[in-house]
Structures are given as structure tokens and as C-alpha cells.
Amino acid sequence: MELRRKRAYDTVAADDGFRVLVDRLWPRGVSKERAAIDLWAKETAPSAELRHEWHAAPASEWGVFADRYRAQLAGESADALQELAGLLRQHPVVTLVYAAHDPVHNHAVVLEEALRKLQDA
């Protein structure tokens with residue numbers, strides 16, 4: 001399985017494969033038709049508390065957020081992560097769709113890392 005990441009505001013492409021929205025909230029201003037989402041995996045997104053903390057934090061706190069999100073994926077969201085990994089194995093190409101502006105410092109990066117570890121296991 002090939003994993004990719006893409007912003008919800010970017011143009012949908014035929015080679016995106018199976019598109020999974022990985023945010024807890026639907027992206028503002030994006031219609032369901034335009035988003036072309038095949039699965040909404042909000043159970044694997046950061047908790048509301050963690051999301052609020054990250055949005056209020058400076059970029060220098062990225063490592064702290066990423067570590068806390070990894071802990072959430074290993075703890076309270078572990079079952080949802082395992083279920084998502086199982087569903088994604090059925091698709092040759094999967095695009096994780098997120099709304100964050102920063103393509104490097106966002107939860108989809110951490111989620112992709114966790115899914116790759118499960119894929120390799």
C-alpha cells in the first residue's frame with residue numbers, strides 16, 4: 001500500500017486512490033462533493049483537547065504535540081488505529097486528507113508514521 005498526504009483544499013486527483021479524511025472536524029468551506037472522501041476516520045484524529053492545545057502552541061512545540069499524539073494513538077485511539085490500518089490494507093493507494101496549513105507540522109504526518117509502522121509489522 002502506498003500512503004500519501006494531501007490538504008483537503010487541494011485539487012482531487014485520480015491517482016489519490018482511497019481518500020481518508022483524518023481530521024476530527026470537517027474542513028471549513030469544503031463540500032462533500034469537492035472533498036471526494038471515501039472514509040472519515042475521525043476516531044484516529046487528535047482529541048479535541050490535544051487539537052486545541054496544538055493550535056494555541058508555537059511551532060517550536062511541535063515535538064511535544066507529536067509525542068502526545070503518538071501516545072494517544074498507542075492508548076485511547078489504538079483500536080481505531082488498528083481498524084483503520086486493516087481497512088487501508090485493501091487499497092493500493094491511500095491519501096490521508098487533512099485541513100492544516102502546514103504540510104510538515106500536522107497530525108497527518110504522525111498518523112502516517114503510525115500507519116507505516118503497522119503496515120511493516
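**View 1. A36 sits in the loop between α1 (32–35) and β3.** Helices here are DSSP runs of H or I with at least four residues, strands are runs of E with at least two, and both are numbered from the N terminus. This is a predicted model, so local features need pLDDT of at least 70, side-chain atom pairs count only at pLDDT 80 or more, and totals for chains, interfaces and linings use all residues. Residues are numbered from 1 along each chain as its sequence is written, and side-chain values use heavy atoms, with hydrogens and water left out. A36 is not a glycine, yet its phi is positive, at about 50°. Most residues other than glycine have a negative phi. With 31% relative accessibility, A36 counts as partly exposed; that class lies between buried (under 20% relative accessible area) and exposed (over 50%), using a 1.4 Å probe and protein chains only.

**View 2. K32 belongs to helix α1.** Its relative accessibility is 61%, so K32 counts as exposed. Setting aside neighbours within four places in sequence, K32 is in contact with W26 and I37, where contact means heavy atoms within 4.5 Å.

**View 3. The open sheet has four strands in the order β1-β4-β2-β3, with parallel pairing.** Two strands pair if DSSP finds at least two bridges between them. β1 (2–7) and β3 (39–40) are the edge strands, each with a single partner, so one side of each has no neighbour in the sheet. Strands of a sheet pair through backbone hydrogen bonds, either parallel or antiparallel.

**View 4. Strand β2 (residues 18–21) runs parallel to β4 (residues 93–98), joined by four bridges.** V20 has L96 as its bridge partner in β4, and R19 stands opposite T95 in that strand. Towards β3, the pairing with β2 is also parallel and has two bridges; here L21 stands opposite W40. What covers the faces of β2? Both are covered, with F18 and V20 buried on one side and R19 and L21 buried on the other. In a regular strand the side chains alternate between the two faces of the sheet.

**View 5. T95 is in strand β4.** Is T95 buried or exposed? At 1% relative accessibility, T95 counts as buried. Apart from neighbours within four places in sequence, T95 is in contact with R4, R5, K6, D16, F18, R19 and V20.

**View 6. Zooming out, the chain has five helices and four strands.** From the N terminus on, the elements run β-β-α-β-α-α-α-β-α. The C-alpha trace spans about 35 × 35 × 20 Å along its principal axes. A compact globule of 121 residues would have a radius of gyration near 14 Å, and the chain agrees, with 14 Å; the radius is taken over C-alpha atoms, and the globule rule is 2.2 Å times the number of residues to the power 0.38. Of the 121 residues, 40% count as buried. Among contacts with a separation of 6 or more, 63% come from residues 24 or more positions apart.
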